[in-house]
Amino acid sequence: MWDDSLDRARRFAGEWLASLPERPVGVPVDAAAMRARLDGPLPPEGLPATQVLDELAAALEPGLVATGGPRYFGFVTGGALPAALGADWMVSATDQNVAAAVMSPAAAAVEAVTTRWVLDLLGLPPDAAIGFVTGAQMANVSCLAAARHALLDAQGWDVGADGLAGAPVPTVLVGAKVHSTVLQALRLLGFGSDRALRVPADDQGRMRPDLLRDLLASVDGSVLVCAQAGQVDTGACDPLEAVADVVHAREQAWLHVDGAFGLWAAAAPSRRHLVTGVERADSWAVDAHKWLNVPYDSGMAIVRDPTALTRALSLSAAYLTVDARDPSGRTPESSRRHRALPIYAAVRSLGRRGVADLVERCCALARQAAEELGHHPGVEVLAEVELNQVLFRPRDVDPGELSGAVARDGTCWVGTTVWADRPAVRFSVSNWSTTPGDISRSVAAITALIDRA
């Protein structure tokens, strides 16, 4: 029974992966037609597993986007390294619930080793804690929950027991170009996204530490400052050393860094200067399914003080053998899959040098894309290329129309955004399999569509 199902899934996976280098990246399909391929009355009787998988493979294929392929540049989306993909299959096959060490001693051991390796790679405090979560959204929630607990606890307030009503709530400060997941975390945690003070940014999206200092001078009480490594449109990193100087000059302050993809710059010698001072923060959010090229979903909440993280997130019940030392004492979830295993496999397969090369190669490819796009008279490159993000605007074509035309063409995929109050296009290079040829081929397709518009 298992062999037939696994063989069918393996055949589909092999065909899909083999198609990635040349298949159209994503040709838009009609949503109703896509659903019709899957819909129908609930079957009164079950079907053989192999038939279900065969029908799924046929129905899904037209609506799948080649996000794991070498020319997907629409979002900061990595592919899946072979070792990480294989490990992810092992996660599903072994089906471990990693809420408690007693439920999977192997998973607990993998999390401990992976924690040590990741902290070493990123140059973060070796005794920090990591919670393995779904992505940067829940990493930001987890880190800011730890900050909320620690800042209020220092004032004698137990937010877990007593809530926020009447609490001496910290003042939150974020950069003007803060990512939406940080704002969502503030909403979920009761801080309120609109109550956060916005610190103006420079023309690349970097927080201005001098203006942060000015704002902090007008704030009484505890503060939570959210900085950024890797602005989503430009890739720019806040000047973290200067930001840390300002934040740590006062008592009752917590510095969080949203480093969903940009934090990986710390692992690459040629890019490390962009995040100088990042180790001085109190918490960090980072994805593995972006630049580390681990399958979805995979994020990490990293907190300097393990006690702050576990006291904010751990749970207990009479029937559970879970305590703060268990894996789920560091995440918002109880039941969850073994997300650390693909990260372990990716890091072990690459090694320190391989991770650095992955980051540096993507940065070089982004610079190539910016240079080739910039040579076309119909394109304006809008920002410096520090990491893997290229931000540009077609001079005589609506960016949304260009993005749609690129999707229909299928050679590559790009995304849209708004920069300086005008629409623009994002080109994000994050995949281990992307080559210089893929960049040139994609730029040629984009500029040809501009010429035809």
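This is a predicted model: local features need pLDDT of at least 70, side-chain atom pairs count only at pLDDT 80 or more; totals for chains, interfaces and linings use all residues.

**Entry 1: the nonpolar patch**

Which helix does the largest share of the nonpolar patch come from? I found that helix H3, residues 49-60, gives the largest share, with three residues.

The patch sits on the surface and is formed by Leu-38, Leu-47, Val-52, Leu-56 and Leu-60. Together they have about 370 Å² of accessible area. I then looked up Leu-38 by itself. Leu-38 is in helix H2, which covers residues 31-38. Its relative accessibility is 46%, so I put Leu-38 down as partly exposed; the exposed class only begins over 50%.

**Entry 2: two helices packing**

Next I picked a helix pair, H6 (residues 136-153) and H8 (residues 180-188). I noted a packing angle of about 50 degrees, with the two axes 9 Å apart. That angle makes H6 oblique to H8. I also wrote down the handedness: H6 passes H8 in a right-handed crossing.

**Entry 3: a glycine in a loop**

Is Gly-79 buried or exposed? I got a relative accessibility of 5%, so Gly-79 counts as buried. I traced Gly-79 to the loop between strand E1 (72-73) and helix H4 (82-94). I also checked Gly-79 against Asp-220, which is 141 residues away along the chain. Their C-alpha atoms are separated by 46 Å.

**Entry 4: salt bridges**

A reminder to myself before going on: side chains of opposite charge can pair when their charged atoms come close.

How many salt bridges are there? My count came to 21, taking a Lys or Arg side-chain nitrogen within 4 Å of an Asp or Glu carboxyl oxygen as the rule.

Arg-23 and Glu-61 meet through their side chains, at 2.7 Å from N to O. The two lie 38 residues apart and link distant parts of the chain. I placed Arg-23 in the loop between helix H1 (2-19) and H2, and Glu-61 in the loop between H3 and E1. Arg-23 is buried because its relative accessible area is 14%, while Glu-61 is partly exposed at 32%.

Asp-233 pairs with Arg-426, and their closest N and O atoms are 3.4 Å apart. I looked up accessibility for both partners: Asp-233 is buried at 7%, and Arg-426 is buried at 5%.

Arg-339 and Asp-297 form a salt bridge at 2.8 Å, N to O. They are 42 residues apart and again tie together distant parts of the chain. Arg-339 is in the loop between helix H11 (306-313) and helix H12 (340-374). Asp-297 is in the loop between strand E7 (283-287) and strand E8 (299-303). I have Arg-339 down as buried, with a relative accessible area of 7%. Asp-297 is partly exposed, with 31%.

Which residues do shared partners join into one salt-bridge network? I wrote down Asp-202, Arg-206, Glu-384 and Glu-386.

I came back to Asp-297 for its backbone. A cis peptide bond joins Tyr-296 and Asp-297, and I noted an omega of about -5 degrees.

Then I looked at phi. Asp-95 has a positive phi of about 50 degrees, although it is not a glycine. I found Asp-95 in the loop between H4 and helix H5 (105-122). Its relative accessibility is 63%, which makes Asp-95 exposed.

Where does Asp-421 lie? I located Asp-421 in the loop between strand E11 (413-419) and E12. Asp-421 is not a glycine, yet it has a positive phi of about 65 degrees. With a relative accessible area of 76%, Asp-421 is exposed.

How values were computed: Residues are numbered from 1 along each chain as its sequence is written. Side-chain values use heavy atoms; hydrogens and water are left out. Patches are made of residues with over 30% relative accessible area and no salt bridge: like charges are joined within 9 Å, nonpolar side chains (Val, Leu, Ile, Met, Phe, Trp, Tyr) within 5 Å. Accessible areas come from the Shrake-Rupley method with a 1.4 Å probe; for residues, only the protein chains shown count as cover. Helices (H or I, at least four residues) and strands (E, at least two) are DSSP runs, numbered from the N terminus. Buried means under 20% relative accessible area, exposed over 50%, partly exposed in between (1.4 Å probe, protein chains only). Axes are lines fitted to C-alpha atoms, for helices over the stretch in contact, and angles run from 0 to 180 degrees between N-to-C directions. Angles under 35 degrees count as roughly parallel, over 145 as roughly antiparallel, 65 to 115 as roughly perpendicular and the rest as oblique. A crossing is left-handed if the near helix is turned anticlockwise from the far one by less than a right angle, and right-handed if clockwise.
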